[in-house]
Amino acid sequence: MNSNNYKETTYNSPFICQRADPYVYRHSNGVYYFTASVPTYDKIILRQAKTLKGLKDAVEIEIWRKHDSGIMSQHIWAPELHYIDGVWYIYFAASSVDDIWALRPYVLRCCGNDPMKDRWEELGQMKASDPFSFTDFSLDMTVFPIKDKTYAVWAEKVSVGKKISNLYIAEMDSPNKLHSPQVLLSTPSFSWEREDYWVNEGPAYIHHSGYSYLTYSASATGSCYCMGLLKLEDGKDPLNPWNWEKSSGPVLKTDPDKGLFGPGHNSFTFNEEGEDVLVYHARQYDEIKGDPLYDYNRHTYLMKIKWDKSGPVFDFANNYLG
């Protein structure tokens, strides 16, 4: 259900309205691409612009639509656009109308050089290297290189009843197959990761000054939704979870005074000046009727990132392009 009961501030004017789980990719030729979850969860959209600001009003096209039945027929969530070895790929999560919470990670591959115009083909579910991956609710896969290897990180639920969503990591063999068994990277161990639901999800990667960083989202998707941070020093094995330093508190959370609620599920890009930019979603209010997942007003926002000796600094005061 939508709501118009919100306080407008200088910080909460959206960059793109009603687009959650936003992902921005800047290609080597300087062109920016944008994709995100749409409120109806039934398709994958893509925008293109020559500037980051230009994405706001860029023409949005539908590049793929859900199946009518079977796999990939429900809950089309959190697409990400990646360019790997000269080929465009999209990673996304989907379930079935017959089992709407049986989410799994799927892969699309572009059949040409232009992701906006060329046909996309389905590669099916991400292939695991062992029988223990993707056996339950799995979503929010992102991929990234560290040195000469490529890794995937995703969220997957365990246990029974009100299940726990953990983050897992694995080395990749190819763009649609894992090479190594999955390793538990992070579990919701702090109270701020356990509000309503125990959740770690929505990982996003950035590298800066000798360290790899993974942000992730925690708790349920209402106003308690927030962002945590994992940090890995260069040269250390990403598949050893003890090598990752985890923040003891959220690095970005609800700020009622600024009118931003439930910030999370982000990606990273950089602007034309080379400044690092956080792309994230949030709401302008906290009073939600019904399931927050079906509230349409999770909007995309942009924030310039500052850096200190501890890592990235996220501050709503650095929001821009509303």
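This is a predicted model: local features need pLDDT of at least 70, side-chain atom pairs count only at pLDDT 80 or more; totals for chains, interfaces and linings use all residues.
Residues are numbered from 1 along each chain as its sequence is written, and side-chain values use heavy atoms, with hydrogens and water left out.

Stay with C110 and show the sulfur atoms. The structure holds 0 disulfides, a disulfide being a pair of cysteine sulfur atoms within 2.5 Å. For C110, the nearest cysteine sulfur belongs to C111 and is 6.5 Å away.

Next, pick S95, in strand β6 (residues 87–96); strands (E, at least two residues) and helices (H or I, at least four) are DSSP runs numbered from the N terminus. S95 is buried too, at 1% relative accessibility. Leaving aside neighbours within four places in sequence, its contacts (heavy atoms within 4.5 Å) include G70, M72, H75, W101 and L103.

Now colour the open sheet of 4 strands, β14-β15-β16-β17, with antiparallel pairing; two strands pair if DSSP finds at least two bridges between them. At the edges, β14 (200–208) and β17 (244–246) each pair on one side only.

Last, zoom in on β16 (residues 226–233), which pairs with β17 in the antiparallel sense over 3 bridges. Which residue in β17 is the bridge partner of K231? Select E245 to see that partner.

Technical notes: Buried means under 20% relative accessible area, exposed over 50%, partly exposed in between (1.4 Å probe, protein chains only).
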